[in-house]
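Thanks for coming. I have one structure to go through today, so please look at the screen while I talk.

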Amino acid sequence: MREDVNNETGEQRHVEEQTPLQQEEQIMEDRPSERHAEEKPAFAVSTAPALHYAGFWIRFWAYLLDLIVVGSLSRLLIYPLFRAADIDTAANGIFSAVNIATALVFYLYFVLMTKWRGQTIGKMVFGLKVISLAGSGLSWQTVLFREWIGRYLSATIPFLYVLVAFLSRKQGLHDYFAETTVIHEESLAVQAPVQSL
C-alpha cells in the first residue's frame, strides 16, 4: 500500500515538473483516439484561379477601340507638331515622316500600356488583360516581341489574327510565340477547387 502511495506521489511530482505544453502532450498520448481525430486529412483542398480566355470577337472590338485611341493620339500630337514645323502631312509614301511618326505612336502605345498595365485602353474597357503563360510577369523582352515584332507579323498577314478563334488558349500568332494570352480580368478572381496531395 505504501508503495502505491509513493508511486502516486512520484507521478504527481513528475507532472508538476512538466511545462504546460508537455502536460498537454502527455494527455494526448493517454487518449490516442482524440489525437487522431484532430489530425488533418491526407489531402487538402486548395484554390487556384480558373482562367477564362478572351475569344476572337471581344479581342477584335478591343483592338478597334485601341485603333481609335491611337488615331486620336496621332491627330492630337503628330499632325499639329508637323504643321508647326512646316512638314508635309499629306505625303503618301510608306516611309514618309508622318507615317513613320504615326507607326511610332502605334507601337509605343501598345508596348508601354501592355508593359505598365498589362492592358491597353481597349482591353480595359472590355475587361481583358495580357498574361504570361510562363508563370512570370510580362518582361520587356516578352512585351517587345509580342507588341512589336509579333503584332507587325500579324498586321502584315491579317488572317493570322483568326488563329485566336481556333487555338485552345485563344492565342494569336504574336501571343503564341511570346508565350502570352489574353484573359478576362475578372477570371483572376474566380476560384476553382483543386485537390492536392
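This is a predicted model: local features need pLDDT of at least 70, side-chain atom pairs count only at pLDDT 80 or more; totals for chains, interfaces and linings use all residues.

The protein has eight helices and four strands. Read from the N terminus, the order of the elements is α-α-α-β-α-α-α-β-α-α-β-β. There are 197 residues, and 28% of them are buried. If you take the contacts with a separation of 6 or more, 69% are between residues 24 or more positions apart.

Now the cores. The largest nonpolar core holds 13 residues. Those with the most contacts inside it are Val70, Ile78, Phe82, Val98, Phe106, Tyr109 and Phe110. Two helices, α4 (56–84) and α5 (97–117), each supply at least two residues of this core. The largest share comes from α5, with eight residues. There is also a second, separate core of eight residues, and Val130, Leu138, Val143 and Val182 are among them.

Tyr109, leaving aside neighbours within four places in sequence, is in contact with Asp66, Val69, Val70, Leu73, Thr120, Ile121 and Gly122.

The other is Phe110, which sits in helix α5. Is Phe110 buried or exposed? Phe110 counts as buried, because its relative accessibility is 0% and the cut-off for buried is under 20%. Not counting residues up to four places away in sequence, Phe110 touches Tyr63, Asp66, Val70, Thr120, Glu147 and Arg151. Take Val70 from that list: Phe110 and Val70 are 40 residues apart in sequence, and their C-alpha atoms are 9.2 Å apart in space.

Next, the pockets. Rolling a probe the size of a water molecule over the atoms shows where empty space is left. The largest pocket contains about 380 Å³ of space. Its lining consists of Ile94, Phe95, Asn99, Ile100, Ala103, Leu104, Tyr107, Leu108, Val111, Trp148 and Tyr152. The elements that give two or more residues to this lining are α5 and α7 (140–156). Which element gives the most to the lining of the largest pocket? That is α5, with seven residues. By residue type, the lining of the largest pocket has 10 nonpolar residues, one polar and no charged.

The second largest pocket has a volume of about 230 Å³. It is lined by 14 residues, and the closest to its centre are Arg59, Phe60, Tyr63, Arg151 and Tyr161. Here α4 and α7 each supply at least two residues of the lining, and α4 has the largest share, six residues. The lining of the second largest pocket divides into eight nonpolar residues, one polar and five charged. Tyr63 and Arg151 have come up already, as residues that Phe110 touches.

Last, Thr181. Thr181 is in strand β3, residues 180–184. Thr181 is buried, because its relative accessible area is 0%. What does the side chain of Thr181 reach? It reaches the backbone oxygen of Arg169, at 2.6 Å. Leaving aside neighbours within four places in sequence, Thr181 is in contact with Tyr53, Lys129, Val130, Ile131, Leu133, Arg169, Lys170, Gln171 and Asp175. Of those, Val130 is one of the residues of the second core.

That is what I have for today.

Definitions and conventions
Residues are numbered from 1 along each chain as its sequence is written. Side-chain values use heavy atoms; hydrogens and water are left out. A nonpolar core is a set of buried Ala, Val, Leu, Ile, Met, Phe, Trp, Tyr and Cys residues joined through side-chain atoms within 4.5 Å. Buried means under 20% relative accessible area, exposed over 50%, partly exposed in between (1.4 Å probe, protein chains only). Contact means heavy atoms within 4.5 Å. On a 1 Å grid over the protein atoms alone, a cavity is a set of points where a 1.4 Å probe fits but cannot get out, and a pocket is an open set with protein on both sides within 12 Å along at least five of seven lines; lining residues have an atom within 4 Å of a point. Grid points are joined across faces, edges and corners, and a volume is the space filled by probe spheres set on the points. Ala, Val, Leu, Ile, Met, Phe, Trp, Tyr, Cys and Pro count as nonpolar, Asp, Glu, Lys and Arg as charged, and the others, Gly among them, as polar. A polar contact is a pair of N or O atoms within 3.5 Å; within protein, one must be able to donate a hydrogen and the other to accept it, and residues adjacent in sequence count only if both atoms are side-chain atoms.
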